[in-house]
Structures are given as structure tokens and as C-alpha cells.
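The exercises below are meant to be worked with the sequence and the coordinates side by side. Each one sets a task and then takes the solution step by step.

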Amino acid sequence: MDAFLITAAHVDGHGLEAAPLDPGSIEPENFGPSSGPVDAGDLNFEAFDLDGDGTVDSRVVHSDDAVVIVSDFDRDGSADRLTMIESDGDYSAWECRRDDEGSLVWQKIDAGAL
């Protein structure tokens, strides 16, 4: 994942996101580009090293409508990638980045059905 861009808006306190979403409250049909930060939670327990670098970075959360795999590859406490597998077999994968203005944006990188 690309590093987050830090802009003057962040330095002077503007452009800050709302409190991070609890991944267990994510509804796949409502999740989108402007969903904001997602709390990666405690990666010390029941967590996995998905990128194989020797550092635990991901955990699995069960929401009402899906299983959500939350990954925090830069270990800043917020998710960098989400993969959602819905009860009907549909799935989607999202990555976050900062746009040119410094706003957090989620981009869908994969989707389909199992």
C-alpha cells in the first residue's frame, strides 16, 4: 500500500476523520469509498500474518451480515485493507489510501461470488 499523504490540512487540524468504525458493525452494502477509518483492533490475539513478513497484521471479525478480514499492514491502528465475505457468498476487497487533498478513500480492488 502507498504511504498516506500528509497535507497542511492534517498539520493544522483540518481534514481529520471521524472516530474509526468498529469492523463488527460494517454492513457490506453500505461500505464504500467515503466510509472513513476502520479500527483494526487488537492484533495481539487471534490475529494472523497475511503478508508473511513475520508481523501479525490481520484479524477476522464477524459482523451481522458478513465475515470481515481486517488488515493493518502499517500498524497504525487503522485498517489498510478489508475483505468482506457475505452470507450469500458475495465478496469484496477494499484498500484505503489518502487522495491528493489528504482525505481517506476506500477503493474496491476485487469483488465476486464464491
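**Exercise 1: Overall architecture and confidence**

Describe the secondary structure of the protein, which contains one helix and six strands, and decide where the coordinates call for caution.

Solution. The model is a predicted one, and, read from the N terminus, its elements follow the order α-β-β-β-β-β-β. Of the 114 residues in the protein, 33% are buried, while the exposed surface comes to about 6700 Å², with carbon and sulfur atoms supplying 49% of it. Turning to confidence, the mean pLDDT is 85, and 85% of the residues reach 70 or more. Over residues 1–15, however, the pLDDT is below 50, although this stretch has 24 contacts in the model beyond near neighbours in sequence. Where pLDDT is low, predicted coordinates should not be read in detail.

**Exercise 2: A serine in strand S3**

Determine whether Ser-71 is buried or exposed, and identify what its side chain meets.

Solution. Begin with the position, which is in strand S3. Next, take the relative accessibility of Ser-71, which is 3%; because buried means under 20%, Ser-71 counts as buried. Then list its surroundings: leaving aside neighbours within four places in sequence, Ser-71 is in contact with Leu-50, Asp-57, Ser-58, Ala-79, Asp-80 and Arg-81. With one of these, Ser-58, the contact includes a polar one between the two side chains, at 2.6 Å.

**Exercise 3: A backbone angle in a loop**

Locate Arg-75 and characterise its phi angle.

Solution. Arg-75 is placed in the loop between strand S3 (66–71) and strand S4 (81–86). Its phi is near 55°, which is a positive value in a residue other than glycine. The relative accessibility of Arg-75 is 44%, and the residue therefore counts as partly exposed.

Terms used
Residues are numbered from 1 along each chain as its sequence is written. This is a predicted model: local features need pLDDT of at least 70, side-chain atom pairs count only at pLDDT 80 or more; totals for chains, interfaces and linings use all residues. Side-chain values use heavy atoms; hydrogens and water are left out. Helices (H or I, at least four residues) and strands (E, at least two) are DSSP runs, numbered from the N terminus. Buried means under 20% relative accessible area, exposed over 50%, partly exposed in between (1.4 Å probe, protein chains only). Accessible areas come from the Shrake-Rupley method with a 1.4 Å probe; for residues, only the protein chains shown count as cover. pLDDT is the predictor's confidence in each residue, from 0 to 100. Contact means heavy atoms within 4.5 Å. A polar contact is a pair of N or O atoms within 3.5 Å; within protein, one must be able to donate a hydrogen and the other to accept it, and residues adjacent in sequence count only if both atoms are side-chain atoms.
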